[in-house]
Amino acid sequence: MANPTSRSASNVDSTGPASHTARHRERVRRRRPGTGMSLHLAPMIDVTFLLLIFFLLSTTFRRAEGILGANLPRESGPPSVALPISPVVVRLLSTGPAPGDYAIQIDNFEAQPVTFGELTQFLIDIRRNEGFDAQTPVVIVASVDTLWEPVVDCWNAAVRAACKNISFGGEGE
Amino acid sequence: MAVAADRQRRHRGIGFNMTPMIDVVFLLIIFFMLVSNFASAENVPMELPKPFKSQAKQVKLRDRVIINCQISEPDATQGVWYRVGPNPPESPRQISARLARAKKAAAAEGRDLIAVIRADRRLRFADVRVAMEIVSENQIEQMRLVAHVGEGE
């Protein structure tokens, strides 16, 4: 049985450039028998580019954000921590308008940490004293004009020290 | 010989090799697909605190309501904007009403509501405390603070 494609190819005028292209195609087809199934690259590339452009335009690289567990201020709500006799009261005072302008004060302790790294170490060290452990409440009392960043830093220092009962206190604490 | 080669070249035309380009494109797509983490509309863009050796963890909370405390823009002197999730800025009283509704909805399903406070690091503690008081007056017992994950400055 004659191949219809080859018949059509042989029917074209054999002198012009169109006939040359047809003959070339026919040659390529004959050279690779069994290539009936072909993958259409064009739509795939379309979709791929579409996705690429979407991601390129929509992506904005941001720092990841996370969550710190917290308790509410004790003055204005129901107490979330049952306070024993000796909570550690950490006072955060503003000394200026810049984020680094703050002072840390700890009530009833001689040692006064200056940085939040030192505060973490202090909160770990006091557990050597009798009556203090990880369950000892740590109350953070910040003055109203203190910036939010040092307040979160202070909270983070207590979390780093593995303190379990951390809460905010009012200024009258 | 030279004539034949010239004819062959003319017939082939200028070739464009797609393979390396597709390789690169796929590589880029895979990179973006893996790296992309779609930001929730609730997380209004702001400068979050970057604590020293941050202990903040990326967790997914189910019944949570996010209170965004932002510096008002473009005029920072106008005070603080409080907004629940992606909603427009509202007064503390309106925020409180929203929280009350959210708490009621969570309670109807037998769950506790968690208040998540996202506050700009440049705000004063007094500004953020307003949001805490709103949470407190609605008797929402669980509160979380948002900070950057990882090493701070």
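In this predicted model, 39 residues of chain A are in contact with 43 residues of chain B. On the chain A side of that contact, at least two residues each come from α3 (41–58), β1 (65–70), α4 (116–125) and α5 (148–160). Of the elements of chain A, α5(A) gives the most to the side that touches chain B, with 9 residues. Sorted by class, this side of chain A has 21 nonpolar residues, together with 11 polar and 7 charged ones.

From β4(B) one can turn to the loop that lies between α4 (125–137) and β4 (142–148) of chain B, where B:Gln139 is found. The phi angle of B:Gln139 is near 55°, a positive value in a residue other than glycine. B:Gln139 counts as partly exposed because 13 other C-beta atoms lie within 10 Å, and a residue is called exposed at 12 or fewer and buried at 20 or more.

Another loop of chain B, the one between α2 (19–35) and β1 (64–71), holds B:Lys53. Its phi is near 50°, again a positive value in a residue other than glycine. With 15 other C-beta atoms within 10 Å, B:Lys53 is partly exposed.

Notes:
Residues are numbered from 1 along each chain as its sequence is written. Chains are lettered from A and ligands numbered from 1 in the order in which they are written. This is a predicted model: local features need pLDDT of at least 70, side-chain atom pairs count only at pLDDT 80 or more; totals for chains, interfaces and linings use all residues. Helices (H or I, at least four residues) and strands (E, at least two) are DSSP runs, numbered from the N terminus. Two residues are in contact if their C-beta atoms, placed from the backbone, lie within 7 Å. Ala, Val, Leu, Ile, Met, Phe, Trp, Tyr, Cys and Pro count as nonpolar, Asp, Glu, Lys and Arg as charged, and the others, Gly among them, as polar.
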